[in-house]
Amino acid sequence: MSRALALLLVVAAGCAPSTAPDDDARPKAVATISILSDFVAAVAGDRIDVEPIVHVGGDPHTYEPVPSDPRRVAEADVVFRNGLGLERWLDRLIEGSRVVTLTEGLDATITQTGQYSGDPDPHLWMDPHLARGYVANARDALVELDPAGAQTYRDNADAYLRELDELDAWISEQVGTIPAPNRKLVTTHDAFRYFGQRYGLDVVGTIWSISTEREPSAEEVARLVDDVKAHAVPTVFIETTVNPRIMQRVARDAGVEVGEPLYGDSVGEPGSGADSYIGMMRANVRAIVSGLGGRTRG
């Protein structure tokens, strides 16, 4: 190939139309929590800017909006929320905004017998099979927002759905290595019901219910200690968004171990290996399986 022809090809390639809008023209989206932001970003690719409102490591149940949040929401072309009562603080920010509820149409039923009652549990993302619904809802919303990128969103969603299927199969295999008597979960707050339901783990108890807004009483904490002992739970777990103090006391009083931290309402910090939804779920599984006497592979 001549140098002139090579130069011509380079120039032509540089002039080829991009699949993504210019930065200034790129639609902007916000999601309430980092997990939802990760879902949306996986589908959006480089066509849409996506950022979470609650910072990584923050607790969405107790979050108090900061002065910059109303502006960020008002400037966004679309706001993605979980719904099911997770982000009640959002209601006062979204008047006039285009809002997508990513749990729309998903089944929030808890079927573990006699274990759960009360408000719908908003933590559907803890089951990768239900996470598929989040991705599908994000895809459909982005196609509507930016029809020119429809094929990109569909292709990205299809690829991510395959990753979720692989994750689901991997989790089933890892949890299967836990001895049957040890398949019991005790966590700081009630975020793992769907996870337990999907993979056959009994959620014996938690310090907080589905929200962390109310401080538990001394009687409730003492009851959890008794439950840990009665069910011979080998390890209890603390989530990264929750104060560890009470669970550390439960573990001490029950004479059991505290496992590696779990990610419930937020992905991990950058570089943690848990800084994406799939990364955080893999980290959770490794922690749970190891703490309950199983062995992870892969």
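The model is predicted, so local features are taken only where pLDDT is at least 70 and side-chain atom pairs only at pLDDT 80 or more, while totals for chains, interfaces and linings use all residues. Residues are numbered from 1 along each chain as its sequence is written, and side-chain values use heavy atoms, with hydrogens and water left out.

Start with the sheet. It is open, with four strands in the order β2-β1-β3-β4 and parallel pairing. Helices (H or I, at least four residues) and strands (E, at least two) are DSSP runs numbered from the N terminus, and two strands count as paired if DSSP finds at least two bridges between them. Strands of a sheet pair through backbone hydrogen bonds, either parallel or antiparallel. In this sheet, β2 and β4 (99-101) sit at the edges with a single partner strand each, so one side of each has no neighbour in the sheet. On average, neighbouring strands are turned by 25° against each other, direction ignored. Axes here are lines fitted to C-alpha atoms, for helices over the stretch in contact, with angles running from 0 to 180 degrees between N-to-C directions.

Now for the pairings themselves. Strand β1 (residues 28-31) is joined to β2 (residues 49-52) by four bridges, and alanine 29 has valine 50 in β2 as its bridge partner. Three bridges link β1 with β3 (residues 78-81), where alanine 29 stands opposite valine 78. Another three bridges tie β3 to β4, with valine 79 partnered by valine 99 in β4.

Helix α2 lies across β1, β2 and β3 and runs at about 170° to β2. Helix α4 (residues 128-145) touches β3 and β4, and its direction makes about 170° with that of β3. Contact here means heavy atoms within 4.5 Å.

Valine 43 belongs to helix α2 and counts as buried because its relative accessibility is 0%; the cut-offs are under 20% relative accessible area for buried, over 50% for exposed and partly exposed in between (1.4 Å probe, protein chains only). Setting aside neighbours within four places in sequence, valine 43 is in contact with residues including Val135, Ala138, Arg139 and Leu142. Valine 43 and alanine 136 are 93 residues apart in sequence but 9.1 Å apart in space, C-alpha to C-alpha.

As for rings, the structure holds six aromatic pairs. Rings of Phe, Tyr and Trp (its six-membered ring) pair if their centres lie within 6.5 Å, with planes under 30 degrees apart called stacked, over 60 edge-to-face and the rest tilted. Phenylalanine 192 and phenylalanine 195 make an edge-to-face pair, at 6.1 Å centre to centre and 80° between planes. Phenylalanine 195 also forms a tilted pair with tyrosine 199, at 5.1 Å and 55°. Both of these residues lie in helix α6 (residues 193-199), four residues apart, or about one turn. Phenylalanine 195 is buried at 1% relative accessible area, and tyrosine 199 is buried at 8%. Elsewhere, ring pairs link Phe39, Tyr134, Tyr160 and Tyr277 into a cluster.
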